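The sequence and the coordinates come first, and the discussion follows.

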Amino acid sequence: GKLLKEIMPFSKYPSVSLTALCTDISTKILLAGSKEGYVMRWSIGSFFEDVQNSKNQVKEELCWRAHSTKVVDLFHEEEKNVVVTASIDGSVRLWHATNGYYLGYFGQPRKFELSEISELILPCDINKFPTIIKEESKYMEKKKKSEYPLVLDREK
């Protein structure tokens, strides 16, 4: 019950209410579903390896819009490398866990094709493609203090 460490994870998007969480079996990744229908994939393995090391951080690796409404549950099926999400709209969708590609929905007439992704498709209510977050992304970098800060010149 004691707080091990308080962290501020890096994220591309502003803070949103998280409505569902799950990890893989080895606790290397954390998947979070949001009130706005997004799913975010976080790398948490290095954080748990050495809690005392302040350089180990939780890093967002992937973000995609899974539903147009709140994600109420999700889980990661590691053997097939898929994420299953459920929303308050009643839909249950299947996603590729590594890149967030849409694989289909439960109740569709065709079989799920998990082996090969030939083209990137989206559900009919989603128009944003998955975003893979690179470690070097500018929003992750800490802002450096400027050597020449702006100064108010009242004469100008």
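In this predicted model, asparagine 81 lies in the loop that runs between strand E5 (71–77) and strand E6 (82–87). Its phi is near 60 degrees, a positive value in a residue other than glycine. Most residues other than glycine have a negative phi. With a relative accessibility of 24%, asparagine 81 counts as partly exposed, because that class covers values between the 20% limit for buried and the 50% limit for exposed.

Threonine 27 also has a positive phi, near 55 degrees, and is likewise a residue other than glycine. Threonine 27 is found in the loop between strand E1 (18–23) and strand E2 (29–34), and at 30% relative accessibility threonine 27 counts as partly exposed. The table sets out the values for the two residues.

| Residue | Phi | Relative accessibility |
|---|---|---|
| Threonine 27 | near 55 degrees | 30% |
| Asparagine 81 | near 60 degrees | 24% |

The strands on either side of threonine 27, E1 and E2, pair with each other in the antiparallel sense over five bridges. Within this pairing, leucine 18 stands opposite serine 34 in E2.

Both strands belong to an open sheet of five strands, whose order is E1-E2-E3-E4-E9 and whose pairing is antiparallel. E1 and strand E9 (131–132) stand at the edges of this sheet, and each has a single partner strand, so one side of each is left without a neighbour in the sheet.

Definitions and conventions. Residues are numbered from 1 along each chain as its sequence is written. This is a predicted model: local features need pLDDT of at least 70, side-chain atom pairs count only at pLDDT 80 or more; totals for chains, interfaces and linings use all residues. Side-chain values use heavy atoms; hydrogens and water are left out. Helices (H or I, at least four residues) and strands (E, at least two) are DSSP runs, numbered from the N terminus. Buried means under 20% relative accessible area, exposed over 50%, partly exposed in between (1.4 Å probe, protein chains only). Two strands pair if DSSP finds at least two bridges between them.
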